[in-house]
Amino acid sequence: MPVELLLLLHVIGATVLFGTGAGIAFFMVMAHRTRDPKLIAHVAETVVIADTVFTATAAILQPVTGYLLAQSIGWSLEEGWIALSLLLYVVTGVFWLPVVWIQIRLRNLARAAAAKGLPLPPAYFSLYRIWFACGFPAFFAVIGILWLMLNKPPIALF
């Protein structure tokens, strides 16, 4: 595969990961602020679908395109900026995977409350706080990865 195509696919993947993550966070926060179970259930359903279709697909393809790109250009995966990017990618995943499960639970709790005409239960708010807190390290890890990809600083890790 030509390097230019791999680079394009890798950049698209990074853009999808960052953009979808930021968009999901924004819409979930805005829906949450309404405290309307029906609206939250609807937005959370859309978020779960978006995470499945876009984020999960990009999360799987990103390391593949990155590896193929590094091999094509001749970069070692032991180069400091690449190794640090991979570490930050793992950090992102550690925070993202629970968020996916939490989003499904938030959706289900909001659906149940909406169906019964009840307010959101305390469990919803506890999970939301965890969801919100997990977003920050994942977001900043992705920012760090993007910076490393763009700047390729000489980092001696090994």
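At 24% relative accessibility, Phe125 counts as partly exposed, a label used between the cut-offs for buried (under 20% relative accessible area) and exposed (over 50%), with a 1.4 Å probe and protein chains only. Rings of Phe, Tyr and Trp (its six-membered ring) count as a pair if their centres lie within 6.5 Å; planes under 30 degrees apart are stacked, over 60 edge-to-face, and the rest tilted.

A word on the model itself. It is predicted, with local features needing pLDDT of at least 70 and side-chain atom pairs counting only at pLDDT 80 or more, while totals for chains, interfaces and linings use all residues. Residues are numbered from 1 along each chain as its sequence is written, and side-chain values use heavy atoms, with hydrogens and water left out.

Back to the rings: the structure holds nine aromatic pairs. Another edge-to-face one joins Trp75 and Trp81, at 5.2 Å centre to centre and 85° between the planes. Trp75 is partly exposed at 23% relative accessibility, whereas Trp81 is buried at 8%. Trp81 also has the charged end of Lys152 over its ring, 5.4 Å from the centre; a charge sits over a ring if NZ of Lys or CZ of Arg is within 6 Å of the ring centre and within 35 degrees of the ring normal. Lys152 follows α4 and has a positive phi, near 45°. Elsewhere, ring pairs link Tyr124, Phe125, Tyr128, Trp131, Phe132 and Phe136 into a cluster.

Several of these names come back in the core. The largest nonpolar core has 20 residues, and Met28, Ile40, Leu106, Tyr124 and Trp131 have the most contacts inside it. Such a core is a set of buried Ala, Val, Leu, Ile, Met, Phe, Trp, Tyr and Cys residues joined through side-chain atoms within 4.5 Å. At least two of its residues come from each of α1 (3-34), α2 (37-73), α3 (80-116) and α4 (122-151), and α2 gives the largest share, six residues. Helices here are DSSP runs (H or I, at least four residues), numbered from the N terminus. Leaving aside residues up to four places away in sequence, Leu106 touches Met28, Tyr124, Leu127, Tyr128 and Trp131, where contact means heavy atoms within 4.5 Å.

As for α4, its buried residues include Tyr124, Leu127, Tyr128, Trp131, Cys134 and Ala138. Among the elements covering the buried residues of α4 are α1, α2 and α3. At 1.5 Å a residue, its 30 residues should span 44 Å, and the end C-alpha atoms are 45 Å apart, which agrees; the expected span is 1.5 Å times one less than the number of residues.

What about charged pairs? There are two salt bridges, each being a side-chain nitrogen of Lys or Arg within 4 Å of a carboxyl oxygen of Asp or Glu. Glu45 forms one with Arg107, the closest N and O atoms being 3.2 Å apart. Glu45 lies in helix α2 and Arg107 in helix α3, so this pair ties together parts 62 residues apart in sequence. Glu45 also meets Arg111 in a salt bridge, at 2.5 Å from N to O. Arg111 lies in helix α3 too, so here the parts tied together are 66 residues apart in sequence. Shared partners join Glu45, Arg107 and Arg111 into one network.
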